[in-house]
Amino acid sequence: MPIRKRAKLRPETVSDGPNSPGMKEIAERVGVSKTTVHRALTGSGRISARTRERIVAVAAELDYAPNIVARSLRRQRTGTIGIITNGMSNSFYPSLLAAIEEAATGQGFSLLLACSSGSPEIESANIELLRERRVDGLLVSPASPVRNAADYERLKRAGVPFVYIDRFIPSVGADAVMTDHHLAGQIIASHLIGAGRRDIGVILPLNERQQVTSIQERMAGLMDVAGRRDARVTLIGDTAVTGPWEDYAAQSLGAFLDRGGRVDAVFGINDQIALGAMWACHNRGLRVPDHVAVVGYDDLEISSFVTPRLTTIRQPTRQIAWEAVKLLLSAIGSGRPEEPVHMRLRPTLMERESTPRVR
């Protein structure tokens, strides 16, 4: 008996084109060609509104969904945007992400989210993970201004569009959208000095590796005004931040005060730090703002529900999100080679009872 050669198995073709089984069944039910069905479901070509409605109704009845994998392979797109943030412990990022989702989904894109938790090593792994998922572009808030520069250079060489949000890596040029943090620092210093406070303590991580560009720029703006107006600035903190920001601030300011340190104003680089500072003052019998004025940053919801209510900087979160998505989609669509665009949006001082009124 002759030996029969075993036929090679050919992989089944994955398609959502006019000849796919789903579109064939829809065409038979509606009584139109498969090409017409394809045009109706992909938005290509001209067909009557009535025919399109009938096709969409039958597709819904059959629970038909176009094959996204096949479509992405043909178009070299997946319709997804990767996002890498520092984390969710600060509610600035959830608010930003909600606005990004609104902007991206309105343009037909879905999101894949990864959190670095402030770790450059985790951020590097997240970049590779999102590249493996074939995202069309990235929105990134780098954990360090220097550590992962090589990763972002590789993205540029590979032609993967990305936009910095809130902070950036100075050595790697790319589009960026953020609050004008330098201006915010100037606004804070002008407000405190105008209210008669000239001995300003700033609570922040003293380890420079943890001082991302947004913190560096806030400090530069504050120091600019303080230097011109002969106010003293004292840095308060530790080389490492462990645990919640509120605890870090309460312990750092508490230790400073217990050693005999004195300030008449405190700037926390975020609202959580400012709230921890208020707690440290309260525990030592110091009234806010009579003895110590306190300013935060981000305008978290809770800032309006503490006593006294917290003076803080409100970032234009929604505008940051929409401008960043707009820039990224522009790069995805055209791969434009122009010089990087850096957008710095104006912050707003939310003046409340934790600081005296400006004289």
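Trainee: Which strands does helix α5 lie across in this predicted model?

Mentor: Helix α5, residues 92-105, lies across β1 (80-85), β2, β3 (137-140) and β4. Its direction makes an angle of about 170 degrees with β1.

Trainee: In what order do the strands of the open sheet come?

Mentor: Reading across the sheet, the order is β2-β1-β3-β4-β5-β11, six strands with parallel pairing. The edges belong to β2 (110-115) and β11 (342-345); each has a single partner strand, so one side of each is left without a neighbour in the sheet. On average, neighbouring strands here are turned by 15 degrees against each other, direction ignored.

Trainee: How many bridges join β4 to β5?

Mentor: Three bridges connect β4 (residues 162-165) with β5 (residues 175-179), and the two run parallel. To find your place, look for isoleucine 165, which stands opposite valine 177 in β5.

Trainee: Now the interior, please. Where do nonpolar side chains tend to be in soluble globular proteins?

Mentor: They tend to be buried together. In this model, the largest nonpolar core has 45 residues. Those with the most contacts inside it are Ile188, Val202, Ile203, Leu253, Val266, Phe267 and Val294. Among the elements giving two or more residues to this core are the helices α8 (181-194) and α10 (245-258), and the strands β6 (199-203) and β8 (265-268).

Trainee: Which residues does valine 202 touch?

Mentor: Leaving out residues up to four places away in sequence, valine 202 touches Met219, Leu222, Val233, Thr234, Leu235, Ile236, Phe267 and Ile269.

Conventions. Residues numbered from 1 in each chain as written. Predicted model: local features only at pLDDT ≥ 70, side-chain atom pairs only at ≥ 80, totals over all residues. Heavy atoms only, no water. Pairing = 2+ DSSP bridges. Helix = DSSP H or I, 4+ residues; strand = E, 2+ residues; numbered from the N terminus. Axes fitted to C-alpha atoms, helices over the stretch in contact; angles between N-to-C directions. Contact = heavy atoms within 4.5 Å. Core = buried A, V, L, I, M, F, W, Y, C linked by side-chain atoms within 4.5 Å. Buried < 20%, exposed > 50% of the residue type's maximum accessible area, 1.4 Å probe, protein only.
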